[in-house]
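Please read it alongside the sequence and the coordinates.

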Amino acid sequence: MTSSATAIEIGVPKPHEAQQRVLDSPARFNVVACGRRWGKSRLALIKSALYLSQKQPVAYFSPTYKNISEFWRDATNLFRPALVNVHKNENRFELQGGGSLEMWSLDNPTAIRGRKYALALIDEAAHVGDLEAAWNNVIRPTLTDLRGRADFYSTPNGHNYFHQLFLRGSDADYPDWAAFHEPTAANPILDPDEIEAARMDLPQDVFQQEYLARFRTSGSSVFRNLPACLNAPPTNPEEHTKHSIVAGIDWGQQNDFTVISIGCKTCRVEVELDRFNQIGWSFQRDRIETALRKWNAQDCLVEMNSIGSPNFEALQAAGLYVRPFHTTAQSKPPLIQSLALCLEREEFQFLDIPEATRELEAYRSTQNKETGRFSFGAPPGMHDDTVIARGLMYQQLTTGAGVWL
């Protein structure tokens, strides 16, 4: 790296292959779930060097001031030949010719307001006390002036907001975002025998989180045991001749999706899941009718809402076997709980479709402190359309007619 017009050379560490994949990402926002000792802080140093060499302002964020000290030491050692205006008390320095690096603790993020950056690096993001508020209210606005980019690096810590951002990075509906899953073993300098020793010593769920970078289920997660229940094989209608076929439909509103889930009661498998939006209602109904007739569905449970009612009537007028489901605070919990119990007991196999799996993983329950009642839904910014459609299908499968016609 050449830091300035004076051509001062900085010996930037060479990234390993997994780090290079993140550096090569064209996405504006990258979320990296990585195992311990994978090299997330080293990657933050390398990426900051790329922006500093272009005389850009960079910010490094960490959960607490204590976490900053090691990064400050490594950064000042790396950039020492080109440092000017070093402010240790402010955790800030500039390079000759331009470019600055500021380090901030997120235990009091309000102090960051008013800054502007070309790059924000959030280290140990899953361990930030309120990452959602820090990102939405403080960090994201600092990137507006320069249309800056951001990276989130962390070992997982349950299904918190970092997990939501990881799911966003895996969702094609968010083209500015990308997600990376990097286990500890992706760091080539680590001894594989040491990783194996940790696997033998640690509880399985701890090893999976800390070394395999897998998100452990949190207490508020509704659906568990997902890997065991996402093994429905691709099939065709001929393989289900004279079987009992049912369906569930959730109509999308505004930016939501319309989803139809079709299942075979005889085989206990989901045979089709279709998810779509941004098309006219007439075309949506035609698409749904085609799917129902293709599989010869004998019963279909349809969510009723402001847009569901006229669509339901249109499907009914077309001669399809549809039944209404009115979603209320009383009717929704049993629907969701039945689907959750089905997954825990491995009573049904669903298709492994990434978008639908992410919705199941992210789905949450929240208890009202005053009434004690639980409500269910997707986290802010995420969808739950496939969850509802599958819940409706499964309810119809367990309580509907289910007779071959």
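Phenylalanine 152 and tryptophan 177 are both buried, where buried means under 20% relative accessible area, exposed over 50% and partly exposed in between, with a 1.4 Å probe and protein chains only. The model is predicted, so that local features need pLDDT of at least 70 and side-chain atom pairs count only at pLDDT 80 or more, whereas totals for chains, interfaces and linings use all residues. Residues are numbered from 1 along each chain as its sequence is written, and side-chain values use heavy atoms, with hydrogens and water left out.

**Aromatic pairs and charges over rings**

A search of the whole structure gives 16 aromatic pairs, a pair being rings of Phe, Tyr or Trp (its six-membered ring) with centres within 6.5 Å, counted as stacked if the planes are under 30 degrees apart, edge-to-face if over 60 and tilted for the rest. In one of these pairs, the ring centres of phenylalanine 152 and tryptophan 177 are 5.9 Å apart and the planes lie at 20 degrees, which is why the pair is stacked. Because phenylalanine 152 belongs to strand β7 (residues 149–154) and tryptophan 177 to strand β8, the pair ties together parts that are 25 residues apart in sequence; helices (H or I, at least four residues) and strands (E, at least two) are DSSP runs numbered from the N terminus. Phe152 and Trp177 also form one aromatic cluster with Phe29 and Trp135.

Two arginines sit over aromatic rings, as tabulated below; the criterion is that NZ of Lys or CZ of Arg is within 6 Å of the ring centre and within 35 degrees of the ring normal.

| Charged residue | Ring | Distance from ring centre |
|---|---|---|
| Arginine 168 | Tryptophan 177 | 5.0 Å |
| Arginine 275 | Phenylalanine 257 | 3.7 Å |

Leaving aside neighbours within four places in sequence, aspartate 151 is in contact (heavy atoms within 4.5 Å) with Val22, Asn30, Lys47, Ala120, Leu121 and Ile122.

Aspartate 176 lies in the loop between α5 (161–169) and β8 (177–182), and at 34% relative accessibility it counts as partly exposed. Its C-alpha atom is separated by 8.5 Å from that of proline 26, although the two residues are 150 residues apart along the chain. Not counting residues up to four places away in sequence, aspartate 176 touches Ala27, Arg28, Phe29 and Arg147.

Threonine 64 occupies the loop between β2 (57–62) and α3 (65–79) and is partly exposed, with a relative accessible area of 30%.

**Cysteines**

The structure holds zero disulfides, a disulfide being a pair of cysteine sulfur atoms within 2.5 Å. For cysteine 264, the closest cysteine sulfur is that of cysteine 267, at 3.6 Å, which is too far for a bond. Cysteine 264 counts as buried at 0% relative accessibility, whereas cysteine 267 is partly exposed, with a relative accessible area of 34%.
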